[in-house]
Every structure is written in C-alpha cells, then in structure tokens.
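Please look through the sequence and the model below before reading on. The paragraphs that follow go from the whole chain to its parts.

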Amino acid sequence: FTVSSRRTSRPAAAENMPRLPIYQQKERLVEAVRCNAFLVVTGETGSGKTTQLPQYLFQAGFWKGGKIGVTQPRRVAAITVAQRVSHEMGFTLGREVGYQVRFDDCTSKDTVIKYMTDGCMLREILADPGLTQYGVVILDEAHERSLNTDVLLGLMKKNHCRGGSHSRSSSLKVIVMSATLETEKLSAFFGRCPVFTIPGRTFPVSEQFCNLIGPKDIDGSGYVKEVVNMVLDVHTSETAGDILVFLTGQSEIERACDMLFKKAEAIDYRYDVRDRTVDGLLILPLYGSMPTDQQRQIFQPPPAGVRKCVVATNIAATSLTISGIRYVVDSGFVKQLAHNSRVGMDVLEIVPISKSEAEQRAGRAGRTSEGKCFRIYGREFWEKYMPDYMVPEIQRTSLTSVILTLKCLGVHDVIRLHHAHLLLPPCFRRGHVTELGRQMVQFPLPLGLTRVLLRAAALGCEELMLPIAAMLSVENVFIRPGNQKQKEAETKHREIASDAGKNNDFTMMLSVFEKCKSSESPSSWCRENWIHWRAVKSAFSVESQLSEILLRIKQQRDFSTEEFEGSQSELFRQCLCSGYFTNVARRSIGKSFCTMDGHGSTVHIHPSSALFGEESQLDWIIFHDVLVTSRMYVRTVCPIRYEWVKDLLPKLHEVDAYELSNVAREEVTEEEVAKWESKEAFKRQMGDQCDSS
Ligand code: ADP
Ligand code: MG
C-alpha cells in the first residue's frame, strides 16, 4: 500500500520525536537491525524504544518482509502504545497499526505494526510455529522477566538454531528490548549478539526514606493512608511539577483517589500551598483494566496552574512514560502472582518491591529535570525486606500451562531451552500430550476452567459454563460501593443470588449474565442492581469468542460426548469438579476449611461470597481462587459432594499442578534457594507480626 493515501491526518506528534534520545540513532539502529538476526536494544525508559523503533523499521521498508510484531508483558501497555503510534503516524488504529490482547483483537489484514501481549504471541506460535507472517519480532520489556516473554526468548532461539522444517530463521529478525542492565545475559543467550545502547541523560533524583510504615502494613494496606498523606504533603509544600504515585492494584488505587479527592477539596490555596503558581490538583488513576478513553487523559498536560497526580500500578515504572513528572511517591509494594507454598497454588500477593525496582520507580522523577522521590518506607525496610532483584515469574509461578503449550509445539525436552541463568530448567517426567491437551491449549483461559468447559461441552451443557468462564475472565462485576450505599448493593446482589436458586457463586454469575442479557436495557439493569455494566459487556464479548473456539473444536475431530443422569444442579457442579479438583476443601473446625491438595491449609470463605455465613451448612467445597491477607480466603465457592472428586483427588497427589510447579525449583542454584528461603522467612515473619498485633 502507499502510506500517504491512507493517512487520516497529518502525523500528529512528529514535532515531538526529534527530541527523543533514540532519534539521533535512527540510521545506526536500522543498520544494526539489517545486519543482525538477533539484536538487543537497551536504553533509559522513555528514550523511545517502544514507540519509535517499530516506526523506523516501517519507514525503512521492513514491513515488506512481513509484519513487525512487538510484544508487551502487559495488556494496557500493548493497547496504549498502539494508540500512540497510530496517532503519531496519522493512521486509524486497527488498520496499519493495531494491537491484539486476550479477547480483544484490533487488527486487520492491513496491519503491519502489531503490538500484542506476549501471551498472544505464544498463541500465534502455536498456530504457526515459523511465524511466517512476521518479518520482525520485537520482544519488549525483557527485563520484566514475565513468564511468557522468557518462554518466547527460548523459542526464538530454538527456532533459529534448529533450522529444519518451520524455520525461516534466515530472514526473521528478532529484537529484544530491555530497560536495564541485564543486557549482557541476553546477548550471551543469543550467541553474543550485538547490544545497541541508546545513550540518554537523566537528571538527579533525591531520594528520601520517610519511614512511615513497617512490616505490619503489608496486610492491612494501611500504607494507602500514608501514601495519601504524603501526596498531600508534596502538593502543598513542593514547587510546581506533577506527581506519580505507585500503589499495587485497582481497588487500592480507587480508594486512594477517593481519599485524595476529599482531602484536596479542603485545601485553601491562599494559605496552604507554598508555591503560589499551583492552584489545583488533578487526580488520575492508572491501572490495567481501566477503560482506554480514561487512560488517554493521563498523558495530557494538565491545565495551567494545576498539578497532575497520577496514581498508578507498577505499569508506570517502565511500560508507560508520563511526561512532566517531578515527584514520585513510592509505597514500596507491588502485586504479583506467585506460587504460595502455604496454599500450594499461584496466588496474587502484595509483596515488597526489589531495590532495583525502587530505583526504577524513583528514576521516573528525573526524566526532564531534577526530581524527588519520597519513599514511605524506611531504611530498615529497604535493607531487611526488599530483595536486590525481583524473582522472575518463571521461578515463582506454576508452569503447567506453559508446559502444555510447549509440548504441543513439539518441545518435549521441555525447557531445555537452555541457559539455566536465563530460563531455569525444570525437570519432570516425560509424557505425551493427549487429544484433550491439544483441545485445551486452544483456549486463552486457565487450564482448570478450560477443562470445565470441555466437560460441559461433552455433556451438552456448555451454555451454562461459557458465561461463567467469560465472567471469570473480566474484572469483578459486583459493585461494592463501601459507603452508606453498601447495604443497598448487598440486598440487590442477594436478590440475584436467591433468584438463582440460592446456593453458589458460580450460578450467581450465570444469573447476572443471563438476566442482564435478557433485560430490555442491560445498562440500566446493571445500574439498578449495582453491577458493573462495562465488565458484563466485555463478558458478553468474551462469551461469544469462547463459544466460537468451542464450536471449532467440536467440529474438529469426532468429539466424544457423554450422557448424564441427575439433576441440573448436579450436572452443573460435577462439570465444575472436573476442572477445579485442585481446589477442593473440606470443612474442619468452626467456619474454617481444610484444603485437599496435600497441603491441608486452613482457609475461610471470603465475605464477598454468597456462601459467607452459611459455613455450618457446608461440608465439601470447591473454589475458584485464593486471596491471601492475614488469613487465607477462598473466593467464588461452590458446595460439592465428596463422590464427585474422590477419584480425582488421589491423582492429584501423584502428578499434579502443585508438583509440576515444585519440580521446577529442583534445579535451582544455591543462591536462588537462599533467596527463596529469605522470602519465605520474610512471609513467616510478616505473618507472626500480624497475628500478634
Ligand atoms: P521507551 O520504550 O524507551 O521506554 P517509549 O517509546 O515508550 O519509550 O516513549 C517515548 C516517549 O514518547 C516518552 O518519553 C513519552 O513522553 C512519549 N509517549 C509515549 N506514549 C505516549 C502517549 N500515549 N501519549 C503521549 N506521549 C507518549
Ligand atoms: Mg518501552
């Protein structure tokens, strides 16, 4: 195509680009890509790697050899960056420049620059191992060490070395981009490929340890209040310049924004604020599942005199760069998925960040002028609880799903994808992928949930499970306003539950889905019932996408079906058991339950569950996930009968998800074991401190 004829507007931000450090390197960079099959590119965050390099390659004609694909560990980053780049180039998003993330494909046959999550790229490799549609693959944010990016690194290398059937290695360019120093390792991994460093200058950032929190704050999230006070302090006593605040997740961020908003209203700008040019505070949240139109505001400069304050998750540390930031307020915590040995499964946990992450966060204040970073923790916290580097995801989460994917790709020698220092090789029994495994790997869902869906399809009741799988894939649909309206919301939710025939959290989701879908005006139904319309709307879309995949599978080969004798409720719950047999618990003392995964951990039903308060009526349950605070809570719960899981439970002890993820740690180095142990010790200490306080 001709570029000029398609442009929707004048390239928008062209005037801004020459100022970016990468601009000076344009020719050299393009040349380096031309000359090398593998290239590592590094440079300060904000230097222009993610947004500019794909454009340079586009201009240099690389698209003639196939698409330019850029992977991101985070979904929001993929979307936001694609928006930005299509805007800079003057294209309509989804045409020449597009993005693809799970359940949201915004590309077309014309797309030549494609931003995507690393998970989507992995899925594409499954369908087309040689990546025949691509001329260039850029693996961005390699320093984040996300599980999928690590696996992609291995696959790219393997693909190249293997030659053989699906190799078009001679022409595919692989570029790995990283914000930090680990570039030596990366280069070594790719046979000492060249490292291209984008020089850039940053300004000094003064760092203060404010010592407002201690270890006990990790559970109570009491640090949110301290963070809010700190922000107000900065706003009233520091000179003009925007503030970037690091918290851990959506609910915390929203709470912090509410608190900030209320307190900021009380400021009297005639007396309270030191810098007379500052006369307002604009508070903006930034987290993963936020609607994109709201995200756009983050990047816009605030009105004159107004100080912008962005309250963000770790996404603002390296993936997205916001200009104008002079002050950083760091909570010192991050939310991450980790294998929890107390529960024996992967759990989202709030943990202290590493020292290197803290430096990275602070650095955001020094991009365009000198800045200041306020850490709400103290020196002691830094020394004692913050590790030097973060443990890569591949070493802290269950590998079941990745292993299945790799095996489907014919990588049986799973993760002999080399170099223990980059990809830690787990060793486990060999085994071949069954037909069921091949079907399962086609779903962009957790394996347990996929198993449930396929069982339901075999029994001819997928219409019950598709909505549930969809609802579990979107953000929480139940609004809990947390103020005087809380009672009203709870009553409405309870009404939906009792209409659903009482009983469990899964049917409750199904009921919300169906009621909303069949109502005359779904959005007003949601408003009346304290349900998130945006979330249910995406669940509708996810449901139809999953249903398409399922239909395809049912047609693929002779898909075997089963008969079922029993009530609808039994059918429903038995389907759930076929996927959730790893998450079974039995009631023990009082309101507590004991997990049946070989760990025998004590768990409680979370207050958000329809079954909360009904514990005494229950015996065996399954649950969707676990929330770890000072207690372990199970969420999204369903009562079951022992007979339904008894044949599955013993198998669980033989080869199970738990074991698979643990063997992954058998070959770790002593240094890593020491790190693990100190982390575990840290958690125990946290636990002790919280229990006694
Ligand atoms: P890197 O990948 O090297 O960290 P980026 O390419 O993400 O850098 O960003 C380069 C510059 O482009 C940033 O300094 C930022 O100011 C600007 N930028 C990036 N995304 C946006 C956006 N969505 N809106 C406005 N400016 C942006
Ligand atoms: Mg980047």
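What percentage of the 693 residues of the protein chain count as buried? The share is 43%, where a residue is buried if 20 or more other C-beta atoms lie within 10 Å of its own, exposed if 12 or fewer, and partly exposed in between, with C-beta atoms placed from the backbone. This is a predicted model, in which local features need pLDDT of at least 70, side-chain atom pairs count only at pLDDT 80 or more, and totals for chains, interfaces and linings use all residues. Residues are numbered from 1 along each chain as its sequence is written, while chains are lettered from A and ligands numbered from 1 in the order in which they are written.

The protein chain has 26 helices and 21 strands. Helices (H or I, at least four residues) and strands (E, at least two) are DSSP runs, numbered from the N terminus. Two residues are in contact if their C-beta atoms, placed from the backbone, lie within 7 Å. Among the contacts in the protein chain with a separation of 6 or more, 73% are between residues 24 or more positions apart.

Start with ligand 1. It is surrounded by 15 residues, and the closest are K49, T50, T51, R84 and F299; a residue is near a molecule or strand if its C-beta atom, placed from the backbone, lies within 6 Å of it. The largest share, four residues, comes from α3. By class, the shell around ligand 1 has two nonpolar, eleven polar and two charged residues. Here Ala, Val, Leu, Ile, Met, Phe, Trp, Tyr, Cys and Pro count as nonpolar, Asp, Glu, Lys and Arg as charged, and the others, Gly among them, as polar.

Next come the nonpolar cores. A nonpolar core is a set of buried Ala, Val, Leu, Ile, Met, Phe, Trp, Tyr and Cys residues joined through C-beta atoms within 7 Å. The largest one has 106 residues, and V227, V231, V245 and V329 have the most contacts inside it. Helix α4 gives the largest share of this core, eight residues. Not counting residues up to four places away in sequence, V231 touches I243, V245, L260, C309 and V329. A second, separate core has 61 residues, including A585, L611, V634 and V637.

I605 is found in strand β19 (residues 602-605). It counts as buried because 25 other C-beta atoms lie within 10 Å.

Now turn to helix α17 (residues 462-471). This helix is mostly covered, as eight of its ten residues are buried. The buried residues are E462, M465, L466, P467, I468, A469, A470 and M471. What covers them includes α16 (447-458), α19, α21 and α22 (568-580).

How do two of these covering helices meet their neighbours? α17 and α19 pack at an angle of about 95°, with their axes 9 Å apart. Axes are lines fitted to C-alpha atoms, for helices over the stretch in contact, and angles run from 0 to 180 degrees between N-to-C directions. The angle makes α17 roughly perpendicular to α19, since angles under 35 degrees count as roughly parallel, over 145 as roughly antiparallel, 65 to 115 as roughly perpendicular and the rest as oblique. L464, P467, I468 and M471 of α17 make the contact with F506, M509, L510, F513 and E514 of α19. By class, these are eight nonpolar, no polar and one charged residues.Helix α19 (residues 505-518) also packs with helix α21 (residues 533-556), at an angle of about 95° and with axes 11 Å apart. These two helices are therefore roughly perpendicular to each other. V512, F513, C516 and K517 of α19 meet V536, A539 and F540 of α21. The contact of α19 with α21 has six nonpolar, no polar and one charged residues.

Finally, consider two backbone angles. Phi of N211 is near 55°, a positive value in a residue other than glycine. N211 is in the loop between β9 (205-209) and α8 (217-220), and N211 counts as partly exposed because it has 13 C-beta neighbours inside 10 Å. Phi of T636 is near 55° and also positive. T636 lies in strand β21 (residues 632-640) and is buried, with 23 other C-beta atoms within 10 Å.
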